[in-house]
Amino acid sequence: MSQTLLFLIPLLPLSCAVINMLFGMRLPRLIPETLAICGVLGAFLLTILFWGYAEGEGTRAVLGTWLSSGSVDVSFALCFDKLSAPMTLMVTGVATLIHFYAIGYMRDEVDYARFFSLLNLFVFAMLAIILADNLLILFLGWEGVGLCSYGLIGFWYRKRENAKAGTKAFLVTRVGDVFLGIALLWLFALTGTLSITEINAQAEMISPGIVTVLTLLLLVGACGKSAQLPLMTWLADAMAGPTPVSALIHAATMVTAGVYLLCRLFPLVSLSVFGMAAIAGVGAITALYAATCALAQREIKRVLAYSTMSQVGYMFMAVGAGTVSGAMFHLLTHAFFKAVLFMAAGWVIHLAGEENDIFRMGGLAKNGPKELFWIFLAAAVCLAGVPLTGGFFSKDGILLALFTEGTLLYKGYWLIGVFTALLTAFYTFRLVYLVFAGEPRGEGQPHAVPALMRWPLWPLAVLGLAGGLLNLPAMVGGGESLHQWYGKLAGRQVTASHDLEWLLIALATGIVAVGWLLAHLRYRSYREPLDNSVSRFLLAGWQADAVVDRLLVRPFAAMGRFCSAGCDRTLFDGTLEGLVKLSGRWSGLLLQLTTGRLTTYLSAFAWGFLIMLGWFLLKLVNGGGH
Amino acid sequence: MMIPFGHALAFAAALFILGLTCVLARRQIIMILIGVEIMLNAASLVFIAASAYWQQADGQVFVILLMAITAAEVAVALAMVVYLWRRKKTMIADQFNGMRG
């Protein structure tokens, strides 16, 4: 088998997307749906089939040249190595299940072709990010996921808020993309190549100061896509999109693209101590910020959105602490359980009669299907970090890496991480209690949902619960298999004495218990939500939107008004209109010459003749005897 | 006895000025046309005189051509005068100011 066949992995979803775009609406509904499934399922099966290529150094495959001009040589190159292979498997696998769910979820939607083609296009763009061996191809995918995210958030664009949320996501992530673009061009200027493997190989030749600046640029780029501070305001509003979109793009895959980018360029990024501290710092602050916001949210999907932000913050902390395997471990487990949480939330909203507010739900454990309760609970305990679940092991690994990093700064990050874990446990169980406990408070009538909306949750929930097996720490008898698998790419080996590890595990367990206890005491029986200034502040996400509005949007609008009213309408239009008036007056003067009277013309003719005659006579006199 | 060339030129110039004055001073279309004819005749006179002075026949040939053209011009011009009279019942040139800007 030729390694060029690796290109089938991204091209399969792309071709299905194109077919659906062109012909989707003319075909019977079953065909676009089947095509969409086939695209991602095929990519998933191919990834398993080609798994052997990832062994060792991995495989680079080149399909052809895209751009070739002077020293610029951009080729369609794939890198299927130990970092990209598990990520590809996760993305295609989760995407396949979510596609199945989406078919059930969107069964009444008339615009199915647009939905499924965008979803497939998204998978293609995401795979381009993951598999690219060329930063320009990666950037192409990076913009592609942004585009699909925009199109899918605003999928129901007839409602104005949805369209605005899509635009907001597009614009805010674009800010990060600009920085990423600068970083790419700078890297090209320094190394003369855009190939990721070559840049990583040459990273040590770049001077340390520039590496720090490059790392910070990459960090801002990653922040935009991964909704980290200060470019995080779009993610909560992105929940306006259909639930399968939230599950796929805004929980499992796209928002982790920033983490993946930093892991991909880890050999470069890890050279800068300051950059690493900045990455961990951004992650820590975002984790804490988002967790506090999640405490006060009323809409189920917004709680999950903030928890996503918070968990991605943990992944950033892991990268900052130097452990790629830790970050990727949390990325994988998080993708599983967060996708389940979102899909289950879609189910919950459906049962509650399209009601989003968790304070108007309740009683679903008794009245709703048992299946839903157990699945939701399984994913929730993963999120909360209850011992032995996947989320527990991955989060614990990150906290251990932070703790053993050595410097006092990282101890501070660890403290933030631990406190965030407490908040996470609290808001997760608050969500569970409000949705499932007590009596129904809404009008929703329990009814059956299509089978396609039920069974894709099972494998993901099991994966989330058992995700710890991927990278079981040595002290509980595991082999750290993920860390071993990554080999050279895994980053720092986190070593600690078993006593310390047990201590941290005990602490983490205690924290989860405290979080659960607090939530249990507060929400065991339903109470009205608090309405004080603190909760309003948290509900509004620390007023981040208002701050952005004051700092950026309003000055920009004022500048626009100034340019429009002050410059354009006064200065430019005034000048131009003045010129028009001036030439109008002059032409009026000239107009008076054309009287239409024959005698005037004749006398003008005679006078002109006389002047010409005089002129020639004068020349004749002056010119002498020529 | 030959008339001196200078006399002929002076007479032609005087005739030309008279014709020009007629064209410029009169308001009647017919009178303007007569002025134009006088100016043309002055020009013909210069041709004749020059032909006699240099003993060349070209000038006389040219004058015959000029007469033919003048006859045609007058025919067209009078036809237009008749047409203009029918339109406005006037012969004053300034009344026809339809080309006014």
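Which residue is the bridge partner of A:Ser69 in S2(A)? It is A:Val72.

Before I go on, this is a predicted model: local features need pLDDT of at least 70, side-chain atom pairs count only at pLDDT 80 or more, and totals for chains, interfaces and linings use all residues. Residues count from 1 along each chain as its sequence is written, with chains lettered from A and ligands numbered from 1 in the order in which they are written.

Back to the strands. S1 (residues 59–69) and S2 (residues 72–80) of chain A pair antiparallel over nine bridges. Pairing takes at least two DSSP bridges. Strands are DSSP E runs of at least two residues; helices are H or I runs of at least four, and both are numbered from the N terminus. Two residues separate S1(A) and S2(A) in a hairpin. In that turn, A:Gly70 has a positive phi of about 60 degrees.

Next, the core. The largest nonpolar core holds 211 residues. Such a core joins buried Ala, Val, Leu, Ile, Met, Phe, Trp, Tyr and Cys through C-beta atoms within 7 Å. Buried means 20 or more other C-beta atoms within 10 Å of the residue's own, with C-beta atoms placed from the backbone. A:Ala379 is among those with the most contacts inside this core. Beyond four places in sequence, A:Ala379 touches residues including A:Phe337, A:Val340 and A:Ala461. Contact means backbone-placed C-beta atoms within 7 Å.

Last, helix H13 (residues 273–296) of chain A. Its 24 residues should span 34 Å at 1.5 Å a residue, and the end C-alpha atoms are 36 Å apart, which agrees. The expected span is 1.5 Å times one less than the residue count. In H13(A), 17 of the 24 residues are buried, so the helix is largely enclosed by the rest of the structure.

How values were computed
A residue is buried if 20 or more other C-beta atoms lie within 10 Å of its own, exposed if 12 or fewer, and partly exposed in between; C-beta atoms are placed from the backbone. Two residues are in contact if their C-beta atoms, placed from the backbone, lie within 7 Å.
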